[in-house]
Amino acid sequence: MFPKRNNQFLPRRFLPRGRERIMNSLPSSDAPVASTRWEGILTELSKRRWLLLSLVLLVNAVVRPYRGLVLDSCLYAALVSNQADGTFADDLFIKYGSQDAYSLFSEIAAPMVHYLGLELTFFVLYLVCNGLFFWALQRLLFRLIKSPAYAVLGLLFLATTPIWFGGLRIFHSNECLFTPRIVANTIVLFGIERMLAKRMGSALACMLLALPVHPLMAFPGFLLWCCVAVLERFSVRTSLAIFTSVGLAAAIVLLVRPLGYAVFGEFDAVWRDAVKCGNFYAFASEWEMSDWMRVLGATVCVAVAATYATDARLR
């Protein structure tokens with residue numbers, strides 16, 4: 001008697017016809033079973049949005065915990081304290097003007113200080129605004145990304161990274177402290193999500209609401225809304241002509257000093273050098289090559305995503 005052959009090691013073309021049908025019905029050993037399992041878990045998690053948001057906030061709290069009144073948070077704490085009781089009215093920074101003149105943040109937060117105290121007020125505001133920030137991110141990612149599993153992975157990644165912007169890694173969107181920046185960023189993200197949902201009216205309301213909180217952070221969102229509104233109203237050729245004209249006008253104002261002084265005011269050399277010494281990161285000429293590479297990388301990613309996007313509104 002000859003030993004029986006082990007057919008599982010034979011090529012499929014040598015298998016009996018009935019056995020071949022059975023083998024074809026079984027999952028291949030090369031199939032990425034683990035990958036499919038994880039994708040299923042992430043997809044199921046994406047259906048439970050509040051559970052997902054709670055998980056993201058937990059991950060964020062562990063990886064990037066709240067640091068209290070540090071760095072820029074101290075500056076805004078001084079502005080809020082001065083608004084509440086005039087504590088720093090004679091301080092040099094506040095006495096002759098500060099960014100508080102361009103924001104309603106201190107006026108909104110000051111009444112809370114009377115009841116909760118300064119540190120607790122900032123902590124409560126951080127908890128509320130950070131939760132809203134990641135809720136806005138969650139809504140935006142599920143609008144942008146078709147695959148629920150990839151959207152969940154993107155959200156978890158954003159919860160663990162600082163999300164740098166600007167030069168020299170000074171500023172980031174995922175902050176471990178509380179400033180009006182996180183408030184404005186949150187409102188702008190809600191506005192962008194509304195634009196993708198074709199709700200231009202509510203999107204404009206969000207952008208206008210964010211401007212009085214932190215004009216510098218909200219203005220790019222308002223500018224984006226204007227660009228989308230132009231593209232929806234005019235043809236691509238007309239829109240490009242409008243964008244080019246506005247860009248050239250802005251470049252002329254910035255490059256021709258008399259025009260720039262007339263629009264923005266003049267900065268004398270001594271004071272400009274003092275500002276540059278203390279806030280060198282605000283000057284693009286001081287940025288490192290890695291900063292520009294990060295900007296270039298982000299631009300390329302957006303361009304590639306727009307190229308492969310099937311939805312015209314996403315492009």
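This is a short chat about a predicted model of one protein chain.

Biologist: What should I know about the model before I start?
Modeller: It is predicted: local features need pLDDT of at least 70, side-chain atom pairs count only at pLDDT 80 or more, and totals for chains, interfaces and linings use all residues. Residues are numbered from 1 along each chain as its sequence is written, and side-chain values use heavy atoms, with hydrogens and water left out.

Biologist: How many helices and strands does the chain have?
Modeller: The chain has 15 helices and two strands. Both are DSSP runs, numbered from the N terminus: helices are H or I with at least four residues, strands are E with at least two.

Biologist: What share of the residues is buried?
Modeller: Buried residues are 31% of the 315 in the chain. Buried means under 20% relative accessible area, exposed over 50%, and partly exposed in between (1.4 Å probe, protein chains only).

Biologist: Cysteines next. Is Cys176 buried or exposed?
Modeller: Cys176 is buried, because its relative accessible area is 9%.

Biologist: And Cys301, buried or exposed?
Modeller: Cys301 is exposed, because its value is 55%.

Biologist: How many disulfides are there?
Modeller: The count is zero disulfides. A disulfide here is a pair of cysteine sulfur atoms within 2.5 Å.

Biologist: New topic. Where is Met293?
Modeller: Met293 sits in helix α15, which covers residues 289–308.

Biologist: Is Met293 buried or partly exposed?
Modeller: Met293 is partly exposed, because its relative accessible area is 48%.

Biologist: What about contacts in the chain?
Modeller: Take contacts (heavy atoms within 4.5 Å) between residues at least 6 apart in sequence: 60% join residues at least 24 apart.
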